[in-house]
Amino acid sequence: MSQIRDDFHQADKAVAEPWECDASGAVVQVEGLFELDLGGAGEVRDFAFGLRPGMLTEGEMPEYLFRRTRGIVGLLKRLIEDGCTEAMESGAEELTPELLSRSSWETTTTATQRPARFPKFPTMSPSPLGRHARKAATASSTTTAGAWPVVEPSGLSDLRPLPRSLDPLEDESLPGYLLRLSYRLNIGPGPLVLRAGLPNSRRDRTTLIRIPVSFAVSLDEPDIIALCYSTRLSRREVDGLLLASLGSRYGALNPAYRGRQPHRGRDSFSAKRLQYNNPWVLTTRTQYCPDCLAGDGSEIQRSLGGAWRRLWRLPPVFCCPRHERFLRRYCHHCGELVQNRHSNDLIARPRDSELHPLQCRATPRQGELRAARPACGADLTQAPKDTEPILRNPRSRNALFALQRKFLSFLSPDGPKQVSSVGWIIPTAQYFQDLRGVVALIFMTWPQARPHAATPELARVIDAEAARRHGLFRRRGAEPRKNLRSTAYTDPPDDPVVTGAVLEIADRLLRSPDENAAADLLVPLVDEAKRIHQPISYPLRSPCGASIPLLVVLAYHPRGSRSRRDHIQRIAEGHSIRATSSCD
Ligand SMILES: [Zn+2]
Ligand SMILES: [Zn+2]
């Protein structure tokens with residue numbers, strides 16, 4: 001439901017077509033508009049959605065609203081928002097001029113502005129705005145700061161709000177947002193980043209060779225403040241663009257599940273570390289569903305495309321159940337990564353302002369000697385379905401799409417906070433660490449877990465991948481840096497179907513009703529891993545960040561009267577809870 005957040009532009013339009021009392025066009029647009037800016041405020045939005053159609057477009061309302069806001073959409077949105085809040089508090093069911101008049105600010109005043117709320121739009125003078133509205137608005141927004149409690153980032157006094165901004169789309173990633181906004185502003189993403197005041201460590205604001213990949217994961221506090229200021233996004237909206245805020249759902253993005261000891265540093269510091277040595281977060285590449293990228297058909301998505309989603313950077317998200325497609329990582333035209341060039345580039349061709357957000361940014365390695373080769377530029381929404389992996393057996397497809405739907409519900413902000421793993425209740429974020437641990441064991445010991453595959457077709461998919469990994473493991477054994485050897489089994493697959501197939505088995509094993517049933521399935525893998533390579537199997541048998549119940553299943557052999565259950569309770573100091581009581 002997001003729309004353009006462009007108050008200057010909208011103000012131009014509104015003034016060019018002043019509302020008539022009986023006009024429906026602009027006013028209908030207004031009715032469509034306020035739903036967007038209330039996106040963050042659930043109650044108010046719900047109330048606004050429930051308003052009687054035509055409430056704002058009939059009777060004296062249009063004239064009143066125009067008189068009150070001078071047609072400035074930003075002010076209109078705020079007036080409606082205030083009115084909804086007022087109505088909710090007073091129990092009114094209608095917005096009326098009388099009710100709205102309780103909102104005390106005026107477009108002309110400089111003294112009675114509502115305090116503390118960061119303005120997403122500038123103060124405007126009541127005089128008619130002409131063709132230079134945008135210029136005037138920009139000037140007023142920076143020179144009449146006294147009228148609004150503008151929080152100007154310290155040390156960035158030369159920073160100016162961007163002339164236009166955008167509402168983030170649902171689950172949009174920061175690189176995706178930068179691509180859309182830079183295209184809209186007709187500058188490259190690199191210059192946009194500089195103009196937005198990022199990174200704060202950079203005093204020279206004229207050149208930026210590359211946009212750091214860390215930006216997708218987290219930003220320093222001064223960078224967040226600068227970005228909020230320049231784009232007029234709220235703190236919450238900026239957080240929502242960053243992968244780090246998925247940490248409550250996804251263990252690899254949660255510092256608590258990432259080390260043998262939880263990292264006890266400043267939050268921002270531990271968030272920053274999430275980008276390093278974290279193969280289960282795709283920091284240097286993104287996946288995508290061509291159909292999702294095409295957008296939802298709304299005006300803004302038709303012009304700038306749909307969201308480059310954050311979830312596409314998590315390997316457990318491997319397909320789009322909505323469009324029944326596996327996600328892609330490589331351009332259908334040139335075969336390269338579509339957004340990144342090197343491992344330390346968040347966005348390739350950062351100065352290229354010509355490329356649409358949905359175009360491939362790779363520079364194909366052709367035989368040309370020209371220094372500046374054109375980008376591939378393929379329209380990524382046009383990726384043909386017939387070049388995508390095919391699973392012939394509908395049971396294979398159904399198994400993977402069902403699994404994906406389950407994972408997406410786990411990852412969604414309103415998904416379950418806790419889920420069951422080997423029969424015990426654990427945090428959802430940690431479940432993904434459990435999965436990841438079991439995946440490594442499955443690969444190392446393949447074909448040991450082969451009988452657990454949902455279909456023979458999915459087992460064959462893993463056969464090929466496991467053969468490749470076994471080969472890599474052997475080759476790495478001959479190399480001096482032997483500590484890299486286990487990554488042959490711990491890294492997530494590059495191919496979405498393989499990822500789905502192996503996660504399907506891992507999920508099946510973790511779904512065991514209790515720790516003993518899980519041990520029946522997992523201990524054979526543990527024993528086989530020890531047989532293959534005792535020292536290297538050790539970290540795979542006690543995976544980082546996995547839940548206590550899983551660690552006990554993988555490592556503990558019941559002796560005498562002490563059962564696995566007792567052992568889990570002892571380690572968890574009695575805090576572990578069983579998912580079921582049926583197996584006591
Ligand atoms: Zn899709
Ligand atoms: Zn391409």
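**Group meeting talk: a predicted chain with a zinc site**

Hi everyone, let me start with one strand pair: I425 stands opposite I577 in β7. Before I go on, this is a predicted model, where local features need pLDDT of at least 70, side-chain atom pairs count only at pLDDT 80 or more, and totals for chains, interfaces and linings use all residues. Residues are numbered from 1 along each chain as its sequence is written, chains are lettered from A and ligands numbered from 1 in the order in which they are written, and side-chain values use heavy atoms, with hydrogens and water left out.

Back to the strands. β6 pairs with β7 (residues 577–578) in the antiparallel sense, over two bridges; strands count as paired if DSSP finds at least two bridges between them. On to β5 (residues 418–421), which runs antiparallel to β6 (residues 424–427) and is joined to that strand by four bridges. There, S421 stands opposite W424. The hairpin of β5 and β6 has two residues between the strands, and V422 takes a positive phi near 40 degrees.

Now the whole chain. It has 24 helices and seven strands; these are DSSP runs numbered from the N terminus, helices being H or I with at least four residues and strands E with at least two. Of the 584 residues, 53% are buried. Buried means under 20% relative accessible area, exposed means over 50%, and partly exposed is in between, with a 1.4 Å probe and protein chains only.

Among the buried ones are I224, L227 and Y229. Just after α11, R232 takes a positive phi of about 60 degrees.

Next, the metal. What coordinates the zinc ion (ligand 1)? C289 (SG), C292 (SG), C320 (SG) and H323 (ND1) do, at 2.0 to 2.2 Å. Donors here are N, O and S atoms within 2.8 Å of the metal (3.2 Å for Na, K and Ca), and since water is not among the atoms, sites may look incomplete. The angles between the four donor atoms are 103 to 116 degrees, which makes the arrangement tetrahedral. For four donors, that label requires all angles to lie between 85 and 135 degrees. The donor spacing in sequence is C-x2-C-x27-C-x2-H. C289 sits in the loop between α13 (267–273) and α14 (290–293), and H323 in the loop between β3 (319–320) and β4 (325–326), so this pair ties together parts that are 34 residues apart in sequence. C289 is buried, at a relative accessible area of 0%.

Last topic: charges. Side chains of opposite charge can pair when their charged atoms come close. The count is 20 salt bridges, each being a side-chain nitrogen of Lys or Arg within 4 Å of a carboxyl oxygen of Asp or Glu. One of them joins R210 and D345, 3.0 Å from N to O. R210 lies in the loop between α9 (189–195) and α10 (214–217), and D345 in the loop between β4 and α16 (394–411), so the pair ties together parts 135 residues apart in sequence. R210 is partly exposed at 32% relative accessibility, whereas D345 is buried at 0%.

Another salt bridge links R325 and D291, with the closest N and O atoms 3.1 Å apart. R325 is in strand β4 and D291 in helix α14, 34 residues apart.

Note on methods
Four donors count as tetrahedral if all angles lie between 85 and 135 degrees; four count as square planar and six as octahedral if opposite donors are over 155 degrees apart and all others between 65 and 115; anything else is irregular.
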